[in-house]
Amino acid sequence: MERGMRPGDRLPGEAELMAHFGMAKGTIREALRVLEAQGLIRTRTGPGGGAFVNEVSEARARALLGNYFYFKEIGITDIYELRRVLEPVLAHDLAGRLSADQIAALEDVMQVYQERPDTIEIAERQRFAELDFHALLASFSPNPLLGFQCRFLIGLLKELTICRRIYRRPIPGFRTVGRDYQSRLIEALKAGDGGAARAIMRAHMLAAQKVMEEQEAVVLRQFLSDAEPGAVGRPG
């Protein structure tokens, strides 16, 4: 960073690094291994090889951060407490700023869950697509930190075991209500009405949180019931 190096630039050779930092070969090699593990450099062997500056992808950053939360008791309520704060701000900021292509991309995602699903597998794909709508919207944010935080929370929802169980349950009205909120949101975004966009998104998050928490309670009750002594072979 101090030298203004950009992704793809080659780092100095091992001998030069040793001389520059006054470190032994083993120390330099270990430092390079650490940098590569962090995704900050990539190495290539053979002619034209060496160590090169690498830009950490958002997917890798989310995965690394997600590893931290594997050891924390993160739940649906925790995630939605933040989504209720962040996504209304996101919607407000994007009102009147989206291009026709960006609006069209959001509407294309909504086509995935336009029709009533015939199977629980299709319903599950539709629910992931509903989350993809929000992730795509976040990708349009001019604030990279806000966009990253929103997409990270959405990624957590997709990965939580309890959520995956919920998404495989029939939930009457969940698809149509969510789609209605998103349709109204798009109209507010087109109109440049930031206040309406924020209010619609907040209402959407509150409604989704309520349903998810209710379903979480049902799934947990079923799990505890199945785990009781004598529950082997019990249907459900």
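**Notebook: a hairpin, a helix pair and one serine**

I started with strands β1 (residues 41-44) and β2 (residues 50-53), which run antiparallel and are joined by four bridges. Strands here are DSSP runs of E with at least two residues, helices are runs of H or I with at least four, and both are numbered from the N terminus. Two strands pair if DSSP finds at least two bridges between them. I looked up Thr43 and found its bridge partner in β2, Ala51. β1 and β2 make a hairpin with five residues between them, and Gly46 in the turn has a positive phi of about 85 degrees.

A note on the source: this is a predicted model, where local features need pLDDT of at least 70 and side-chain atom pairs count only at pLDDT 80 or more, while totals for chains, interfaces and linings use all residues. Residues are numbered from 1 along each chain as its sequence is written, and side-chain values use heavy atoms, leaving out hydrogens and water.

Next I checked helices α6 (residues 120-139) and α7 (residues 144-159): their axes come within 8 Å and cross at roughly 165 degrees. So α6 and α7 are roughly antiparallel (angles over 145 degrees count as that). I then listed who makes the contact (heavy atoms within 4.5 Å): α6 brings residues including Phe128 and Leu131, and α7 brings residues including Cys150 and Ile154.

Last, I picked Ser183, which lies in helix α9 (residues 174-191).

Key
Axes are lines fitted to C-alpha atoms, for helices over the stretch in contact, and angles run from 0 to 180 degrees between N-to-C directions. Angles under 35 degrees count as roughly parallel, over 145 as roughly antiparallel, 65 to 115 as roughly perpendicular and the rest as oblique.
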